[in-house]
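Welcome! Take a moment to look through the sequence and turn the model around on your screen. Then use the briefing to find your way.

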Amino acid sequence: MLVQPAHAKWKKFCSPECRRAAQQQRWIVHLRKTDAAWLAGFTDGEGSIRFSFSSTKGRRYFTPAITIANTQEKIIDEILKMIGFGYKRIGKSIKPNWNTPYWCSFTGWQAMAVIKNIYPYLRLKKAQADLLIEFPHCSHKPDNATRAKQAGLFERMKALNYRGRKRLF
């Protein structure tokens, strides 16, 4: 169940702390324990917990993200209905006899709201969830110390999510 704040998006805030509190309240979700455990199982098995990044004018901006993939559209629709927000994407099959892949993703405060609900039930991706929780959120222009911490967490997450042969260097 999604709870939206009463204020309008265009409203000015008295301080950065007030703005941050409003952003956090926009994505409040309360899941039943069974739903949270079910979603944690799907995240462990079919999902990814990561940081996405974009570059603008030589600066990197990091965003927490959770993505869950499956070939059953009903499952993805059920997850989005249960959470009340998120994005759905439909992919193309690589081979003609393969099923169509579907994804649901949560970014930024959405990802934080989801992780807070499923964290106690995660098993395989708990280390990635710890990094996501540790991630410092800030307004549009983070200072250098915040940016350095975000970059460090990004590199640690990259190492946790690395697939294939382990790097020696």
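Here is a short tour of a sheet, its helices and some aromatic rings. Keep in mind that this is a predicted model. A search of the whole structure finds six aromatic pairs, and four strands form an open sheet.

**The sheet**

- The edges are strand S3 (47-56) and strand S5, each of which pairs on one side only.
- On average, neighbouring strands of this sheet are turned by 35° against each other, direction ignored.
- How many bridges join S4 and S6? These two strands pair in the antiparallel sense over six bridges.
- To see where residues face each other, look for Asn70, which stands opposite Tyr102 in S6.

**Helices on the sheet**

- Helix H4 (residues 109-118) lies across S3, S4, S5 and S6, and runs at about 100° to S6.
- Helix H5 (residues 126-134) also packs on the sheet, where it touches S3 and S4.
- The direction of helix H5 makes about 40° with that of S3.

**Aromatic pair Phe62 and Phe154**

- A pair of aromatic rings is described by the distance of the centres and the angle of the planes.
- Is the pair of Phe62 and Phe154 stacked, tilted or edge-to-face? The ring centres are 5.1 Å apart and the planes stand at 40°, so this pair is tilted; that angle falls between the limits of under 30 degrees for stacked and over 60 for edge-to-face.
- Phe62 belongs to strand S4 (residues 59-70) and Phe154 to helix H6 (residues 144-161), so this pair links distant parts of the chain, 92 residues apart.
- Phe62 has 9% relative accessibility and counts as buried, and Phe154, at 8%, counts as buried too, because buried means under 20%.
- Ring pairs also bring in Phe53, giving a cluster of Phe53, Phe62 and Phe154.

**Aromatic pair Phe85 and Phe106**

- With centres 6.2 Å apart and planes at 90°, the rings of Phe85 and Phe106 form an edge-to-face pair.
- Phe85 is in the loop between helix H3 (73-83) and strand S5 (87-90), while Phe106 is in strand S6 (residues 102-107), 21 residues apart.
- Both Phe85 and Phe106 are buried.

**Charges over rings**

- The charged end of Arg89 sits over the ring of Trp103, at 4.3 Å from the ring centre.
- Likewise, Lys126 has its charged end over the ring of Tyr119, 4.5 Å from the centre.

Notes:
Residues are numbered from 1 along each chain as its sequence is written. This is a predicted model: local features need pLDDT of at least 70, side-chain atom pairs count only at pLDDT 80 or more; totals for chains, interfaces and linings use all residues. Side-chain values use heavy atoms; hydrogens and water are left out. Rings of Phe, Tyr and Trp (its six-membered ring) pair if their centres lie within 6.5 Å; planes under 30 degrees apart count as stacked, over 60 as edge-to-face and the rest as tilted. Buried means under 20% relative accessible area, exposed over 50%, partly exposed in between (1.4 Å probe, protein chains only). A charge sits over a ring if NZ of Lys or CZ of Arg is within 6 Å of the ring centre and within 35 degrees of the ring normal. Two strands pair if DSSP finds at least two bridges between them. Axes are lines fitted to C-alpha atoms, for helices over the stretch in contact, and angles run from 0 to 180 degrees between N-to-C directions. Contact means heavy atoms within 4.5 Å.
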